[in-house]
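Have the structure open and follow along.

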Amino acid sequence: MFTPSTSHRKKKAVGAALLGAALLAAPVAAHATAAPTPTTASASASASTAEAAAAVGLDDPAKKDIAMQIVSSAENSSLDWKAQYKYIEDIDDGRGYTAGIIGFCSGTGDMLDLVEYYTQIKPGNVLAKYLPALRKVDGTDSHAGLDPDFTGDWAKAARDADFKKAQDHERDRVYFNPAVKQGKSDGVGVLGQFVYYDAIVMHGDGTDPTSFRNIRKRALSKAKPPSQGGNETAWLNAFLDARVWAMKQEEAHSDTSRVDTAQRVFLKKGNLGLDTPLDWKVYGDSFHIG
C-alpha cells in the first residue's frame with residue numbers, strides 16, 4: 001500500500017479557497033409567460049449541462065469511488081478497494097507495518113493517528129492496547145510491542161464497521177480533502193484533483209523536497225494552474241513531470257507506471273473529467289472501469 005516517508009509524520013492540510021460561486025450558480029429560469037425559442041432553450045440546456053459538469057469534483061461519490069479503484073489498482077493490483085480495510089503487512093520499505101485502505105504505516109504516524117481516532121469513537125477496541133507500542137515505534141520500522149498478534153487483531157478490527165469508518169475518516173482528513181480543496185483552488189477538474197490526491201497519498205505534505213507542496217512548487221516553475229490563467233493540460237503535465245522526479249528520488253517509489261501508463265493516459269486523451277470508460281495499466285497489468 002502507500003508508503004509516505006517518515007519525514008511526512010505531520011502532514012498539513014493545504015490551505016486553499018474553493019472555486020468561486022460561479023460553479024454553483026443556477027441557470028436563470030425563463031419568464032413564465034414566454035416560451036423560449038428552440039435556440040434559447042438549446043443554449044440554456046447547454047449552459048446548464050456545462051455548469052453541472054463544472055460543479056462535479058472528485059468528492060462526488062461516484063468519482064471518489066473511481067479514484068479509490070484506480071489507486072487500489074496500483075497498490076493492490078485490484079479494483080476492489082473495499083477489500084483492503086483488513087490489509088496489513090511489512091513490505092520492507094523501512095516504515096514498519098503498512099495497512100488499510102490508504103496504507104497507514106506504523107512508522108510514519110498516520111497509523112497511530114488512526115488507532116487513536118478509532119479508540120476515541122470506540123474505547124476498548126481490539127487495537128487500543130497497542131497505542132503505547134505505536135507511539136514508541138513511530139518514526140522507525142520496529143515491530144516492538146506489536147508482534148506477534150497485531151496483524152491478527154488488525155484483521156479482527158477490520159470486521160468492525162466503526163473501524164472502517166475510522167479509516168475513511170482519516171483518509172479524508174489527511175489526504176483526500178486537502179487534495180480536492182487544493183485542486184479546486186487551482187481550478188483543475190476531476191482528473192487534476194485525482195492527480196493531486198494520488199501525489200499527497202504517496203508523498204505526504206511535509207516540507208521536504210518530495211512532498212506534495214514542493215512537487216506543486218516545482219511545477220509552478222514550469223507552468224501556471226488555470227486559476228492563474230494557465231492551460232489545464234499544460235499545468236497537469238508540469239505537475240506530473242514534477243511528481244515523476246519526486247518518485248525517482250526514492251527506490252520504493254521509482255516505478256512511475258502509476259503516472260506514465262495511467263494518469264498520463266487519461267490526460268493525453270483529454271479526459272479532464274475522469275469520465276468512464278477508463279482503461280489503463282499499472283506495473284504491466286491492465287484495468288478497466290466501464
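## The overall picture

Of the contacts in the chain between residues at least 6 apart in sequence, 62% join residues at least 24 apart. Keep in mind that this is a predicted model. The chain has ten helices and five strands, and buried residues account for 48% of its 290 residues.

In soluble globular proteins, nonpolar side chains tend to be buried together. Here, the largest nonpolar core has 72 residues, and F150, Y197 and L274 are the ones with the most contacts inside it. Helix α7 gives this core its largest share, ten residues.

Have a look around Y197. Leaving out residues up to four places away in sequence, Y197 touches L58, M68, V71, I102, R171, Y175, F176 and A179.

## Around L114

L114 sits in helix α3, which covers residues 110-121. Is L114 buried or exposed? With a relative accessible area of 0%, L114 falls under the 20% cut-off, so it counts as buried.

What covers it? Neighbours within four places in sequence aside, L114 is in contact with F104, W154, F163, A166, Q167 and E170. D168 is 54 residues from L114 in sequence, yet the two C-alpha atoms are 9.7 Å apart in space.

## Cavities

Helix α2 provides the largest share, four residues.

By class, the lining of the largest cavity has six nonpolar residues, two polar and two charged.

## Helix α10

On α10, the buried residues are S257, R258, V259, A262, Q263, R264, F266 and L267. They pack against α2, α7, α9 (232-247) and β4 (278-282). After α10 comes G270, with a positive phi near 75°.

Most residues other than glycine have a negative phi, and most peptide bonds are trans. So where does this chain go its own way? A cis peptide bond joins D147 and P148, with omega about 5°; P148 lies in the loop between α4 (131-137) and α5 (150-157). Another cis peptide bond runs from T276 to P277, with omega near 5°, and P277 is in the loop between α10 and β4.

On the phi side, D92 has a positive value near 55° without being a glycine. D92 is in the loop between β1 (88-90) and β2 (97-99), and it counts as exposed because its relative accessibility is 70%. Y283, not a glycine either, has a positive phi of about 55°. Y283 belongs to the loop between β4 and β5 (285-289), and at 40% relative accessibility it counts as partly exposed.

Conventions:
Residues numbered from 1 in each chain as written. Predicted model: local features only at pLDDT ≥ 70, side-chain atom pairs only at ≥ 80, totals over all residues. Heavy atoms only, no water. Helix = DSSP H or I, 4+ residues; strand = E, 2+ residues; numbered from the N terminus. Buried < 20%, exposed > 50% of the residue type's maximum accessible area, 1.4 Å probe, protein only. Contact = heavy atoms within 4.5 Å. Nonpolar A, V, L, I, M, F, W, Y, C, P; charged D, E, K, R; others polar. Core = buried A, V, L, I, M, F, W, Y, C linked by side-chain atoms within 4.5 Å.
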